[in-house]
Amino acid sequence: MSVYQPTEGQHGEEKSGRNCVLQGIGLPLYYFSKAEKDSGCSSEKIEPQSTFLDRLLKEWDDRKVRGLFHHDVNAYETKILSGDYGFILQLIEGRDLKKRPTEFRIDRVLQPFDGKKFNFTKIAQAEMLFRFEESENDESGFFENTPIAASESPNVIAINVHIDWLLLLVSPIGYGHVLLIPRILDCLPQRLDEQSLLLALYVAREAETPYFRVAYNSLGAFATINHLHFQVFYLVGVFPVEKAPTQRIMTLASGVEIFQLSHYPVRGLVFGGGSNLEDLSIAVSIACIFLQDNDIPYNVIISDAGKQIFLLLQCYAEKRTRGEVNQEFLEMQINPAAWELGGYMVVKRRKDYQETSEDTLWRFLDEEASVSAERFKEINDCILSTLSDKIVERNMKREDDHKC
């Protein structure tokens, strides 16, 4: 059970986020440099080597020992299904069976923040692992305890929070599953922009391993809390989507390359290349902003230490609302957020765990979760056109600034 309890004023007058538990306390601080690290993330690098990842896992283990998690992740049954892609199947019996209805509309990808509903300013200090902030020089490191000034809105790494019926439960799906909450006290809605995406890329980079992934779920694509956050997950192994073949469709002037997934059940784009993480952040955020401004749900998976970004398009929540999902898949109760679209599936019934095959999951993703091939082509054409226009605009503005 969560240590979260309703506070005075929660069910009445809305409280300001800056009156949350962070006021007047100190948190450990990891500070990072924007300077590019040496490339060299390799699939052979299995054990955590970075200061960042080592500390994150130690803090996560500490919260587990202290009994802050609702489930014991070591008790979960997990297997890799036979097949070309090796979909990962995990059994968490009963998870989400009593989950309360989503507190916001599923047909609007952008919605205003509502402080009366659950948000991350209401989690307990014990659920926060540490801050993640840019350093004032080119160094990275860790401070055990840093005070939070009244004017600050820190980026926070916290253990994963799962909303359940009447209770707030802390429920990771696996080892090292945490949240990144940018500028927590600014109470930003679940809306991706260039700076928040860049922060997520730095988190992925600091882990220095291809097995540490960061994901984003938009509203309408199974984000469950309308307060800006990313999912973070450490899993030694290759996700099925990372095995999928791709076809290059565009190269930007910055060197960022854009690929299309060519044989995978979820339609989507893959971004890579560029001279730095800022280049990637600019390109991907332009695409994401187009999608959310046009109420198109999407999911993002950042992999390979921030050097590869998958942008996946889905329509499952909309189809389910319209009653268009096959009963077979409704009964499986899979909520296809980013991890699921990437091939890491959580099921709640032992029957599904025992009987589900890669072919079953392929059909679920292809026929129910993903947008159709026709719809993807339409959206993709708009994304590429928007990218071309926005990049030109940015370059013209940069030239004008230099003239000034």
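The protein chain contains 10 helices and 17 strands, where helices (H or I, at least four residues) and strands (E, at least two) are DSSP runs numbered from the N terminus. The model is predicted, so that local features need pLDDT of at least 70 and side-chain atom pairs count only at pLDDT 80 or more, whereas totals for chains, interfaces and linings use all residues. Residues are numbered from 1 along each chain as its sequence is written, and side-chain values use heavy atoms, with hydrogens and water left out. Of the 404 residues of the protein chain, 55% are buried (under 20% relative accessible area, with exposed over 50% and partly exposed in between; 1.4 Å probe, protein chains only). Among contacts (heavy atoms within 4.5 Å) with a separation of 6 or more, 75% join residues 24 or more positions apart.

An open sheet of 12 strands has the order 5-1-4-6-9-11-10-15-16-14-13-12 and mixed pairing; two strands are taken to pair if DSSP finds at least two bridges between them. Strand 5 (141-147) and strand 12 (246-251) are the edge strands, each pairing on one side only. Neighbouring strands of this sheet are turned against each other by 25° on average, direction ignored. Strand 13 (residues 256-261) pairs with strand 14 (residues 268-273) in the antiparallel sense over five bridges, and E257 has G272 of strand 14 as its bridge partner. Helix 1 (residues 51-65) packs on the sheet and touches strand 1 (26-32), strand 4 (128-134), strand 5, strand 6 (156-159), strand 9 (178-181), strand 10 (212-217) and strand 11 (230-234). The direction of helix 1 makes about 160° with that of strand 4 (axes are lines fitted to C-alpha atoms, for helices over the stretch in contact, and angles run from 0 to 180 degrees between N-to-C directions).

A further open sheet consists of three strands in the order 2-3-17, again with mixed pairing. Strand 2 (77-80) and strand 17 (344-347) lie at its edges with a single partner strand each, so one side of each is left without a neighbour in the sheet. The twist from one strand to the next averages 20°. Strand 3 (residues 88-91) and strand 17 are paired in the parallel sense over four bridges, with V346 of strand 17 as the bridge partner of Q90.

Strand 3 and strand 17 are also among the elements against which the buried residues of helix 9 (residues 358-369) pack, together with strand 16 (308-313), helix 5 (316-321), helix 6 (327-332) and helix 7 (338-341). The buried residues of helix 9 are E358, T360, L361, W362, F364, L365, E368 and A369.

The axes of helix 2 (residues 194-207) and helix 4 come within 9 Å and cross at roughly 135°. Helix 2 is therefore oblique to helix 4 (angles under 35 degrees count as roughly parallel, over 145 as roughly antiparallel, 65 to 115 as roughly perpendicular and the rest as oblique). At this crossing, E194, L197, L198, L201, Y202 and R205 of helix 2 meet L277, E278, L280, S281, I282, V284 and S285 of helix 4.
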